[in-house]
Amino acid sequence: MSLKDIAVRLDSGPGPGSPETTGLAVALLREVADHLLTVSRGGDRQVVELTNLPLSDGDVQLLVEKLGRGEVEARISAAGPTEVFETAFPGVWWVKYLGEDDRVITQQLEIGTVPMILEAHQEDIQASARQFPSMFDELDPNQH
Amino acid sequence: MKEHDLTLGEELRRQGISRRSFMKFCAGVASSMAIPAAMVPAMADSLAQARRQSVIMMAYQECTGCLESLTRSFAPTVENLIFNFVSLDFQHTLQAAAGDQAIEAIETAMEENWGKYLLLVDGSIPLKDDGIYSVSHGQSHLDSLRELAEGAAAIVSIGTCASFGGVGAAKPNPTGAVGVDEIITDKPILNVPGCPPMPEVMTGVLTSFLAFGALPEVDRLKRPKAFFADTIHDRCYRRAFYDQGKFAYSFDDEGARKGWCLYPLGCKGPITHNACATLKFNQGVSWPIQSGHGCIGCSEPDFWDKEGFYKPLSAGQWGTAEGIAAAAAAGVALGAASAVMSRRNQDKISGGK
Ligand code: SF4
Ligand code: SF4
């Protein structure tokens, strides 16, 4: 038996854990609309941080419903998992950074072509360009 | 010696840690410090350029709880790397060397990094009778602190004891214990109080020192604002019940079972500045109020002596006007200087994006 097996139920008011919405979700959606406009005009990637906001369960539910799911879904393994999906609005991504124990470290909405965590970064590309040719040393010369 | 010349970015590559992992770490720190998420790439770039930082960590009149807490942090892989990247030149509990060898290690680190090392202190420092109540290797901690502070770039006081005297200074304070900033007044000092302090705060402070070259902006008690600006009450998930007047009056009444507000049971959340309400302890498992106990105010000065953890604030000694005024006067001068530094650095970083 672990701690998780002991059922604890809290009756909450509005705030984390509550099914009611607080108005925060709608404010966030308006912010996303603004960012989307910026990015659609060629502006920089925009990020909306969700973690430190006192979103209620109802707020999160509203965001999930309104944003929907799009064509892309990805799971990245780098310092623990990260889950990414594109919402029904191309260019609006939901990014969940998880710890090695699957706990959410931060959660963000990213507005841009590709989320930062999905991109291959220049430093890593340079390292792989350096490493890549070493595979030819191991290959059978007759196959060349 | 060669390793000392690598930048953090080079060290990451050497250990095969991808930029992606590093970005993720930076995103976590930025989120915990309320640094705008859009600044993460710039922060990562600047952090990757950082060079090895010498750190000397001294344990004075303390219980080792602070160190226990600091060694349990939130994103183990990359975070460990950052902690390994700084060169912890002295920490007597963690290092293998002892006795004369250990003392030699401090002296070498001081010599090689004079004016540049970061001094971390946990525990209070006794002043009474020339500080003889707390002595290591024949030297009083008072003398040790004075000596080490002289060559330090900045000092971080870890835990409530090093910050404000804490347990050691509790009435009747037989050793005349005080916090670091009552002794050292000519260096940038940052306090990370808490009993124990939160590891995430230490990670944030260290990361921003490496990335921006300065301590983060602090409040009137020299606590980093990013973590200590809000009270527990501001961020408490039971706040809605407080606002509705729904309270627990004993630890086993209906209110307690329903998770209502713990104010009548002595919760000090409304006047306590700390980050546990959002970051929680033990890698986000829980925190005191979530487990049904009021906040005892562990990150505030003199929390032991405020006449009982279970007396409601309205009946107790917290938040008296004199106390607040005295604390404000003590924290201003250096705090403002490092605040300006950190703001300037933030501008630099966001401007360079
Ligand atoms: S439990 Fe404490 S911190 Fe939380 S709402 Fe009540 S008084 Fe405030
Ligand atoms: S709830 Fe209060 S006493 Fe407990 S750890 Fe947090 S700040 Fe300290």
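**Reasoning through a shell, a glycine and some rings**

Biologist: By class, which residues does the shell around ligand 1 have?

Modeller: The shell has 9 nonpolar, 2 polar and 2 charged residues. Do keep in mind that this is a predicted model.

Biologist: Which residues come nearest to ligand 1, and what makes a residue count as near?

Modeller: A residue is near if one of its heavy atoms lies within 4 Å of the molecule. There are 13 residues around ligand 1, and the nearest are H233(B), C236(B), C261(B), L262(B) and C267(B). As for secondary structure, α12 (232-235) and α13 (239-244) of chain B are the elements that each give two or more residues to the shell. The space that ligand 1 takes is also the largest cavity.

Biologist: Let's turn to G294(B). Why is G294(B) called buried?

Modeller: Buried means under 20% relative accessible area. G294(B) has 5% relative accessibility, so it counts as buried. Its place is in the loop between α15 (276-279) and α16 (321-351) of chain B.

Biologist: Which residues does G294(B) touch, not counting those up to four places away in sequence?

Modeller: G294(B) touches L262(B), C267(B) and I289(B). L262(B) and C267(B) are also among the residues that come nearest to ligand 1. From G294(B) to F309(B) there are 15 residues in sequence and 8.2 Å in space, C-alpha to C-alpha.

Biologist: Now the rings. How many aromatic pairs are there over all chains?

Modeller: Searching the whole structure gives 11 aromatic pairs.

Biologist: Why is the pair of Y242(B) and F247(B) called edge-to-face?

Modeller: Rings pair if their centres lie within 6.5 Å, and planes over 60 degrees apart count as edge-to-face. For Y242(B) and F247(B), the centres are 6.0 Å apart and the planes stand at 90 degrees, so this pair is edge-to-face.

Biologist: What makes the pair of W304(B) and F309(B) tilted?

Modeller: Here the distance is 6.0 Å centre to centre, with 55 degrees between the planes. Stacked needs under 30 degrees and edge-to-face over 60, with the rest tilted, so tilted is the word for W304(B) and F309(B).

Biologist: Which residues do ring pairs link into a cluster?

Modeller: The cluster links Y242(B), F247(B), Y249(B) and Y263(B).

Terms used: Residues are numbered from 1 along each chain as its sequence is written. Chains are lettered from A and ligands numbered from 1 in the order in which they are written. This is a predicted model: local features need pLDDT of at least 70, side-chain atom pairs count only at pLDDT 80 or more; totals for chains, interfaces and linings use all residues. Side-chain values use heavy atoms; hydrogens and water are left out. On a 1 Å grid over the protein atoms alone, a cavity is a set of points where a 1.4 Å probe fits but cannot get out, and a pocket is an open set with protein on both sides within 12 Å along at least five of seven lines; lining residues have an atom within 4 Å of a point. A molecule sits in a cavity or pocket if more than half of its atoms lie within 2 Å of its grid points. Helices (H or I, at least four residues) and strands (E, at least two) are DSSP runs, numbered from the N terminus. Ala, Val, Leu, Ile, Met, Phe, Trp, Tyr, Cys and Pro count as nonpolar, Asp, Glu, Lys and Arg as charged, and the others, Gly among them, as polar. Buried means under 20% relative accessible area, exposed over 50%, partly exposed in between (1.4 Å probe, protein chains only). Contact means heavy atoms within 4.5 Å.
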